[in-house]
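Here is a short briefing to read alongside the model. Please keep the viewer open as you go.

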Amino acid sequence: MLTHPEFNPQTTAREAASAFASTISGKTVVIVGVSPNSLGETLALAIASQNPGLLILASRTDAKLREVAKQVATGSPSTNVKLILLNLSSQVSIRQAADQIREVTQKINILINNAATNPGTHEFTPERIEMQFGSNHIGPFLLTNLLLPELRNAAKVTSHGSTRIVNVSSTGHRLSPIRFHDYNFEGKEVPLDERPPVNLPESLTRTSEGAYNPFLAYGQSKTGNILFSIFLREHLHGSGILSFAVHPGSIWTNLSRSLDDEQRDFIARTGDFSKNQDQGAAPMVVAAFDPSLNNSNPSDIYFDECKIADPAPHARSLQVATKLWELSEQLIFRPQHQD
């Protein structure tokens with residue numbers, strides 16, 4: 001049972017943060033994917049309002065980070081804020097950002113992986129990984145693993161389950177399972193269990209550039225976020241660290257710009273109504289700070305709105321989560337150190 005079962009799609013991040021003020025106070029919180037007029041900014045402002053010990057904001061553009069920091073300083077002038085440049089599509093940048101985070105703190109209570117890219121064309125990271133899979137899943141995968149020592153440090157001195165990793169997913173995960181045989185969308189044959197569900201509109205599954213489909217690529221990456229949380233929950237629970245994946249709700253984003261009527265209708269049906277940013281950020285606040293989740297059921301992984309829900313069948317299996325973890329490890333570039 002959640003502490004506030006009355007929370008609903010209209011609950012705001014500010015309201016949720018206020019409800020969990022005592023849980024937020026004094027915590028070290030890292031928020032990834034922070035820019036003006038975004039879920040990341042809304043999360044930062046809501047959490048900053050409740051006196052965290054340290055708020056670390058990470059994103060790829062210095063000017064945008066500083067603009068958000070200015071907003072935080074205006075609303076919560078006593079909050080200690082550190083800014084970290086981070087490009088989740090570059091594993092070199094991720095390693096540099098992790099080093100910088102370790103320079104300012106030895107413990108992290110909450111890590112919120114809130115970042116997503118959704119290009120409409122077939123693009124790749126510098127490591128030659130399809131951009132959405134590389135940025136939306138592999139990026140948070142690498143960053144989280146690099147910061148596990150700091151998360152473990154926090155878990156040692158706080159109550160079991162209060163140290164958490166929150167991965168921002170989407171109901172868009174229902175568009176595609178992990179395409180283990182063709183995660184880069186290179187036109188390779190994939191088995192039936194790696195293909196999109198049969199009930200999707202044709203306009204969402206047709207390819208527009210060779211074998212590439214931006215909706216399926218997005219769905220694959222968001223499925224990755226849930227499976228990542230499943231694996232983390234299984235393997236870190238004994239250390240006192242929990243992980244949850246969160247669907248913010250139906251929010252108008254850049255992904256929606258070029259949709260046709262059929263596609264717009266499908267996206268509109270992912271939520272009861274179109275949320276604003278403050279409402280969209282509320283589920284992440286609940287997943288990060290609700291103390292009733294400390295002893296939650298191991299199967300309570302996915303938040304749809306502000307409630308525990310079941311993800312799609314292809315995003316529930318620990319066996320598949322383990323297979324994704326192994327693939328993700330293979331895709332991590334490990335720099336060779338000179339003696």
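**A covered strand in a predicted model**

Strand β4 has both faces covered: on one side I110 and I112, and on the other L111 and N113, are all buried (buried is under 20% relative accessible area, exposed over 50%, partly exposed in between, with a 1.4 Å probe and protein chains only). Helices (H or I, at least four residues) and strands (E, at least two) are DSSP runs numbered from the N terminus. This is a predicted model, in which local features need pLDDT of at least 70 and side-chain atom pairs count only at pLDDT 80 or more, while totals for chains, interfaces and linings use all residues. Residues are numbered from 1 along each chain as its sequence is written, and side-chain values use heavy atoms, leaving out hydrogens and water.

**The sheet around β4**

- β4 belongs to an open sheet of eight strands, ordered β3-β2-β1-β4-β5-β6-β7-β8 with mixed pairing; two strands pair if DSSP finds at least two bridges between them.
- At the edges are β3 (81–85) and β8 (307–309), each of which pairs on one side only.
- From one strand to the next, the twist averages 25°.
- β1 and β4 run parallel and are joined by four bridges, with I31 opposite I112 in β4.
- β4 also pairs with strand β5 (residues 163–168) in the parallel sense over four bridges; here I110 stands opposite R164, and L111 has I165 as its bridge partner.

**Helices lying across the strands**

- Helix α3 (residues 39–48) lies across β1 (28–32), β2 (54–59) and β4, and runs at about 165° to β1. Axes are lines fitted to C-alpha atoms, for helices over the stretch in contact, and angles run from 0 to 180 degrees between N-to-C directions.
- Helix α4 (residues 62–75) lies across β2 and β3, at about 165° to β3.

- Where is T125? T125 sits in the loop between β4 (110–113) and α6 (131–146).
- T125 is buried, with a relative accessible area of 5%.
- Beyond its neighbours within four places in sequence, T125 is in contact (heavy atoms within 4.5 Å) with S89, E130, M131, G134 and S135.

**The α5–α6 pair**

- The axes of helix α5 (residues 91–104) and α6 come within 10 Å and cross at roughly 30°, so the two count as roughly parallel (under 35 degrees; over 145 is roughly antiparallel, 65 to 115 roughly perpendicular and the rest oblique).
- Q91, I94, R95, A98 and R102 in α5 meet I138, G139, L142, L143 and L146 in α6.
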